[in-house]
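Me: I have a model open here and would like a close look at just one part of it. Could you walk me through a single chain in some detail, and then show me how it sits against its neighbour?

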Amino acid sequence: MEGVVKKFMFVNRKAPYGTIYALESLEVVLISAAFDQDVSLAFLDDGVFQLKKGQQTKGIETKNFSPTYRALDGCDIEKLYVEQESLEARGLTEDDLLVDVTVLSRAEMGELMEQQDVVLSF
Amino acid sequence: MKFGILVNEGPYQHQAADSAYLFCKAALAKGHEVHRVFFYHDGVNNATRLTEPPLDDRNIVNRWSKLAEDNQIDLVVCVAAALRRGIRDENLAPGFRISGLGQLVETGIEADRTLTFGD
Amino acid sequence: MLHIVNKSPQERNSLDACLRIAQSGGTVLLIEDAVYAATRGNTAATNIQEALARLKICVLQPDLDARGMADRLVEGVTAVDYDGFVDLAAEHKNCQSWL
């Protein structure tokens with residue numbers, strides 16, 4: 001299967017810390033970087049909270065994994081997409097996010113999803 | 001057609017493991033191939049041979065083992081998720097193996113369709 | 001694209017999210033607790049009826065049967081068994097589970 005490049009999308013719809021999904025999803029994303037695939041990350045609904053600036057987890061004695069999103073760039077994972085309505089519904093703007101993202105309308109997000117070969121959601 | 005399956009939840013607590021199993025069974029009966037079932041998050045709990053459900057209930061773990069044996073399906077448990085939850089080689093049911101997350105990405109590349117069953 | 005939803009619309013927003021994002025011409029398959037969405041009288045049934053204009057909506061019959069809801073499926077929704085589920089996955093180029 002050498003040389004096969006598929007479009008992978010990781011869809012994140014859950015907030016961090018309340019459940020482990022966000023953290024373990026990020027672990028797959030990091031591994032996928034080693035396979036030279038066309039990787040995108042989509043943040044929808046509560047998933048946008050994963051990217052909120054200023055996470056301080058000392059008080060809940062849990063590892064703050066949010067800096068890892070900033071490290072994705074160094075692994076050649078640069079396609080981070082956030083849906084506009086999900087941000088707005090949660091009182092957030094692009095300035096609240098800890099990493100550069102592309103903000104998409106619902107239609108653009110749907111279109112992007114259609115183009116994928118593999119969509120993994122956690 | 002070659003299917004890859006991702007199971008994100010443990011047995012009994014969620015229906016995900018049942019749905020995934022029934023999907024695999026139907027796909028195989030129709031002549032499709034199941035390339036691999038990858039167990040992630042609490043899904044790793046599908047792999048423990050220490051499971052003992054009441055006699056009148058389905059045995060989800062044994063059912064996976066049998067499906068794998070009858071159809072040569074690769075049942076892979078994510079190592080990081082497994083170690084977090086106390087799943088090790090010592091308590092692995094037949095047919096399961098522990099490996100890295102790369103196996104999930106590889107399934108996505110090799111399978112014609114990858115389906116996720118979770119919460 | 002095949003969209004798979006598995007949660008009751010009264011418990012989670014996954015059906016709403018799916019219907020918001022799904023492109024016309026796609027298929028939505030309701031499994032597990034999501035089957036309640038396609039039953040008459042459910043507040044989500046209106047959304048399902050509206051969505052039928054642009055999406056194919058299917059429901060997994062064994063999940064509907066298990067929940068005692070088989071007699072109140074919304075008109076226009078297609079019931080499929082696991083064989084049909086496999087066919088839907090094979091027919092569509094890609095799929096997304098709205099977890």
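Reply: Happy to, and let's take chain C, of whose 99 residues 62% count as buried; buried here means under 20% relative accessible area, with exposed over 50% and partly exposed in between, using a 1.4 Å probe and protein chains only. A word on the ground rules: this is a predicted model, in which local features need pLDDT of at least 70 and side-chain atom pairs count only at pLDDT 80 or more, while totals for chains, interfaces and linings use all residues. Residues are numbered from 1 along each chain as its sequence is written, chains are lettered from A and ligands numbered from 1 in the order in which they are written, and side-chain values use heavy atoms, with hydrogens and water left out.

Now the fold. Chain C has four helices and five strands, where helices (H or I, at least four residues) and strands (E, at least two) are DSSP runs numbered from the N terminus. Along the sequence they follow the pattern β-α-β-α-β-α-β-α-β. The radius of gyration of chain C is 12 Å, close to the 13 Å that the globule rule gives for 99 residues, so chain C is as compact as a globular protein of that length. That radius is taken over C-alpha atoms, and the rule is 2.2 Å times the number of residues to the power 0.38. Along the principal axes, the C-alpha atoms of chain C fill a box of roughly 30 × 30 × 25 Å.

What about contacts (heavy atoms within 4.5 Å)? In chain C, 71% of those with a separation of 6 or more are between residues 24 or more positions apart.

Finally, the neighbour. Chain A also has four helices and five strands, in the order β-α-β-α-β-α-β-α-β from the N terminus on. The contact between the two takes 22 residues from chain A and 14 residues from chain C. The area buried between them is about 1,500 Å², with 45% given by carbon and sulfur atoms; buried area is the accessible area (1.4 Å probe) that two parts lose on being put together, summed over both. On the chain A side, R13(A), M113(A) and E114(A) supply 37% of the area that chain A buries against chain C, more than any other three residues.

Note on methods:
Contact = heavy atoms within 4.5 Å.
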